[in-house]
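I opened the model today to look up helix packing and pockets. My entries follow in the order in which I worked.

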Amino acid sequence: MVLGDHRWNRLAIHPLDKHRGNGLPAWCLAWHCGAMLIALILVDPVHSWAQLPEPAATFAHATQAMQEGHLDEADAGFAAVLKQSPAFAEAHFNLGLVRQEQGRYEDAIASFHKALALKPHLRGASLFLGISEFRVNRLEAASAAIKKETISHPRDANAWMWLGVVHLALDHPEQAVEALDKADKLKPGDPDILYHRGRAHLLVSKDSYAEMFKIDPESWRVHRVLAQANAEAERHVEAITEYEAAIRLAPTQPGLHEELGTEYRNANKIHEAEQAFERELEIDPNNVLARYKLGALAVEQGDGAKGKDLIEGALRLKPGLVHSDYNLGRAEMLLGNDAAAAEDFLRAVKSDSDLEVVEQAWYQLGTVYRRLHRVDDARNAMQMFQKLKDQEAERSQMRLKKYQAQQSSDAQSPAPAEEPK
């Protein structure tokens, strides 16, 4: 983790770039279609151009060309329509869309301005004006234009996304978060929105930590952040050192001992992990994770009664804890409650997302079925265990072959020529 001023390059990636092909970008095309509908349906029927077959046919032909990605043809068509009907706002808008896609951003900006002068609330015009301003790096103008779109059409997720993109480019991550959170609520699951939203939140987080380091470099919070970074990188010894430093500065801070206990467990320091979880429960009796992890440790150490009591206590506070069915099944096995254990392991094989845990649950299920004299069920469970074990072995073998092939390829690659001295 890099401390200090560690801002990322905040020049936003244009979300349309990856969609470029022979035609128009995918979601930009949706806007084109919207513009066509506006032009074809909402245009005032008393306009003189609409009463003349030639301009109407030209406009229809231009919109078709735009839809098919024939940009030069569409450009000429809309220009011809506007020559006869210069007050037709939608034609200016469509012409702006075409010129934006051609990369003629200044011409596009002029067309969008004309469309907005004729229809100040024309949907999409302010948004695409802002996008063109963004493309020529006039970020303040882009922000102002897109803000108008969000005011006129507050449920337009794309407008909020683009406002967030511009704020990122302006180095305003807090404002970007606000805009992108709104976009995500309006259009959940959109990959472009999620990408930019994730960047914005990460930047705010990093900026907050950088400010915290600057204000108080010896704060327990600083050590906790460093410990969490080490834990995520699986540097468990370093994480333990930082958690211990944090605890020396804040010995009764809730959560610290639970996180330290987790790292002790990852470093296979079982006794120290138990002590850390117990200390956490003294500080915060409602810490569900400390209670559950202490119960799982008790099961690992063969104490089924203590493990079951702790795990069930945690589940009463927070049902569905990860691997809880498997660990509870192991506790019931230690207590000789094989029927209850079988029910727990059945839930584990059906719902646990960890393939290794599922594999072990099938094995334990086969064991308890044998104890219950359910021979056929025991055989089926062991067959499932063996099947999963074989699949894992096959995946491991494939990974090994892939690694060996890569090493062989690297070894056969010619060494780079030495530069002349």
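**Entry 1: α6 and α8**

I find that α6 passes α8 in a left-handed crossing (the near helix is turned anticlockwise from the far one by less than a right angle; clockwise would be right-handed). Helices here are DSSP runs of H or I with at least four residues, numbered from the N terminus. The model is predicted: local features need pLDDT of at least 70 and side-chain atom pairs pLDDT 80 or more, while totals for chains, interfaces and linings use all residues. Residues are numbered from 1 along each chain as its sequence is written, and side-chain values use heavy atoms, without hydrogens and water.

I looked up the geometry next. Helix α6 (residues 125–135) packs on helix α8 (residues 157–169) at about 25 degrees, with the axes 10 Å apart; axes are lines fitted to C-alpha atoms over the stretch in contact, and angles run from 0 to 180 degrees between N-to-C directions. That angle makes α6 roughly parallel to α8 (under 35 degrees; over 145 is roughly antiparallel, 65 to 115 roughly perpendicular, the rest oblique).

For the contact (heavy atoms within 4.5 Å), I list L127, I131 and F134 of α6 against N158, A159, W162, V165, V166 and A169 of α8. By class I get eight nonpolar residues, one polar and no charged. Nonpolar means Ala, Val, Leu, Ile, Met, Phe, Trp, Tyr, Cys and Pro; charged means Asp, Glu, Lys and Arg; the others, Gly among them, are polar.

**Entry 2: α3 and α4**

I looked up helix α3 (residues 71–84) and helix α4 (residues 89–101), whose axes come within 9 Å and cross at roughly 155 degrees. α3 is therefore roughly antiparallel to α4. I note a left-handed crossing for α3 and α4. The contact includes F78 and L82 of α3, and L95 and V98 of α4. I count eight nonpolar, two polar and three charged residues in the contact of α3 with α4.

**Entry 3: α17 and α18**

I read an angle of about 160 degrees between α17 and helix α18 (residues 338–351), with the axes 8 Å apart. So α17 is roughly antiparallel to α18. Their crossing is left-handed. Among the contact residues I note D325, R330 and E332 of α17, and D338, D344 and R347 of α18. The contact of α17 with α18 holds seven nonpolar, two polar and six charged residues.

**Entry 4: largest pocket**

I find about 460 Å³ of space in the largest pocket. Of its 18 lining residues, Y292, A296, E300, H323 and N327 are the closest to its centre. A pocket is an open set of points on a 1 Å grid over the protein atoms alone, where a 1.4 Å probe fits, with protein on both sides within 12 Å along at least five of seven lines; lining residues have an atom within 4 Å of a point. The volume is the space filled by probe spheres set on the points, which are joined across faces, edges and corners.

Which helix gives the most to the lining of the largest pocket? α15 does, with seven residues. α13 (256–266), α15 (288–300) and α17 (324–334) each supply at least two. The lining has 10 nonpolar, four polar and four charged residues.
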